[in-house]
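Reader: I've got a protein model open and I'd like to learn how to read the contacts between side chains. Can you take me through it?

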Amino acid sequence: MSYFSVVIPTHNRARLLDACLTSVFAQRFVDYDVVVVDDGSTDDTPAVLARYGDRVRVCRQQNRGPGAARNVGIRHAQGRYVAFLDSDDVWFPWTLEVYARAIGEAHEPAFVAGKPALFRSLEELRQVAELEPAVLTFDDYYASGEEWRWWGVSSFVVRADALADAGGFTDEWINGEDADLAMRLGLASGFVQVCAPCTFGYREHAGSAIASLERTHAGARYAVTMEQAGRYPGGRARARERRRILTRHVRPVILECLRESRHRDAWRMYRATFVWHLQLRRWRFLLGFPALTLSALWRNGIAGTSVANS
């Protein structure tokens with residue numbers, strides 16, 4: 001059994017996948033195996049993977065989305081911990097070394113979250129320094145409060161048994177499957193946030209999955225529905241902590257829907273989480289959202305009138 005299994009889902013990212021895998025095989029910490037799930041690619045992805053030979057375990061499936069692809073990878077993982085990396089992102093040479101140190105010092109926590117360095121070209125990452133590791137530790141993820149503790153699935157390192165107990169990712173093709181998994185890991189013993197150094201490069205580009213507001217909204221709605229149905233662990237005793245975290249993720253989605261003139265979606269999410277925000281005393285959001293909506297409707301009305309009269 002290896003210490004880490006690295007699970008990488010990919011779909012039509014042959015150009016980016018090579019940089020991703022190169023960064024994995026540049027690790028100083030070498031006790032790991034790599035699983036790449038080709039989620040129905042139609043580009044040169046098979047040729048890229050063939051160059052790595054038996055260093056990569058390749059699984060292929062019809063295009064079903066990133067959550068389903070990661071679940072295939074999880075089933076083939078052999079490590080004590082599963083480290084996730086998206087095929088458009090990269091690691092630093094020290095990444096697994098930092099994770100292994102954090103895990104050892106925190107006595108094998110269930111969930112570790114890494115720190116991103118945002119980039120558009122690989123040259124930008126040369127400026128990222130290897131700093132002395134610094135972490136925050138919590139009894140579990142729910143105890144970590146509402147601050148942003150992770151940035152996408154590429155920041156996730158999860159103990160294999162805790163991942164199995166949580167049931168892996170949802171197969172729903174949504175953005176936010178990472179937030180849903182984090183919520184289902186909420187009571188798993190031990191959560192660590194790596195504050196330094198940066199452990200992965202998060203590539204900003206037009207083809208990123210988060211560019212789809214439709215799927216981002218679907219993901220937020222899915223998480224709210226799961227909470228309403230009592231599907232997240234902790235019962236009433238941990239409800240306030242769950243909803244503090246959930247509303248932190250939902251608010252930006254509501255506001256983005258408003259900015260993109262998806263007023264009905266924004267209002268539905270606002271109503272669905274109104275009581276949670278009220279209990280958390282988020283007055284600025286509760287009072288500000290209706291005002292922002294009226295302002296947006298007024299601007300759209302003026303714009304519509306101008307177009308109609310032109």
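Reader: Let's start with charges. Which residue forms a salt bridge with Asp 86?

Author: Keep in mind that this is a predicted model. Asp 86 pairs with Arg 70, and their closest N and O atoms are 2.9 Å apart.

Reader: Where do Asp 86 and Arg 70 lie along the chain?

Author: Arg 70 is in helix 3 (residues 66–76), while Asp 86 is in the loop between strand 4 and strand 5 (90–91), so the bridge ties together parts that are 16 residues apart in sequence.

Reader: Is Arg 70 buried or exposed? And what about Asp 86, buried or exposed?

Author: Arg 70 has a relative accessibility of 2%, so it counts as buried. Asp 86 has 17%, and it is buried because the label covers anything under 20%. Arg 70 has another contact as well: its charged end sits over the ring of Phe 169, 5.2 Å from the ring centre.

Reader: Which ring does the charged end of Arg 215 sit over?

Author: That one is Trp 173, with the charged end 4.3 Å from the ring centre.

Reader: Back to salt bridges. How many does a search of the whole structure find?

Author: The search turns up 23. One of them joins Arg 28 and Glu 130, at 2.5 Å from N to O. Arg 28 lies in the loop between helix 1 and strand 2 (32–39), and Glu 130 in the loop between strand 7 (116–119) and strand 8 (134–138), so this pair connects parts that are 102 residues apart in sequence. Arg 28 is partly exposed at 40%, and Glu 130 is partly exposed at 42%.

Reader: What does Arg 51 form a salt bridge with?

Author: Its partner is Asp 18, with the closest N and O atoms 3.7 Å apart. Arg 51 sits in the loop between helix 2 (45–50) and strand 3 (57–61), and Asp 18 in helix 1 (residues 14–24), 33 residues apart. Arg 51 counts as exposed, at 56% relative accessibility, whereas Asp 18 is partly exposed, at 27%.

Reader: Now the rings. What describes a pair of aromatic rings?

Author: You look at two things: the distance of the centres and the angle of the planes. Here, a search of the whole structure finds 22 aromatic pairs. Take Phe 4 and Tyr 81: their centres are 6.4 Å apart and their planes meet at 55 degrees, so the pair is tilted. Phe 4 lies in strand 1 (residues 4–10) and Tyr 81 in strand 4 (residues 81–84), so parts 77 residues apart in sequence are tied together. Phe 4 is buried at 0% relative accessible area, and Tyr 81 is buried at 1%.

Reader: What kind of aromatic pair do Trp 267 and Phe 289 form?

Author: An edge-to-face one, 5.1 Å centre to centre with 70 degrees between the planes. Trp 267 lies in helix 9 (residues 263–272) and Phe 289 in helix 11 (residues 283–309), so the pair links parts 22 residues apart in sequence. Trp 267 is partly exposed at 27%, but Phe 289 is buried at 1%.

Reader: Which residues do ring pairs link into a cluster?

Author: Have a look at Phe 111, Phe 138, Tyr 141, Trp 150, Phe 156 and Phe 191, which ring pairs link into a cluster.

Terms used
Residues numbered from 1 in each chain as written. Predicted model: local features only at pLDDT ≥ 70, side-chain atom pairs only at ≥ 80, totals over all residues. Heavy atoms only, no water. Phe/Tyr/Trp six-rings, centres within 6.5 Å; stacked < 30°, edge-to-face > 60°. Helix = DSSP H or I, 4+ residues; strand = E, 2+ residues; numbered from the N terminus. Buried < 20%, exposed > 50% of the residue type's maximum accessible area, 1.4 Å probe, protein only. Lys NZ or Arg CZ within 6 Å of the ring centre and 35° of its normal. Salt bridge = Lys/Arg side-chain N within 4 Å of Asp/Glu carboxyl O.
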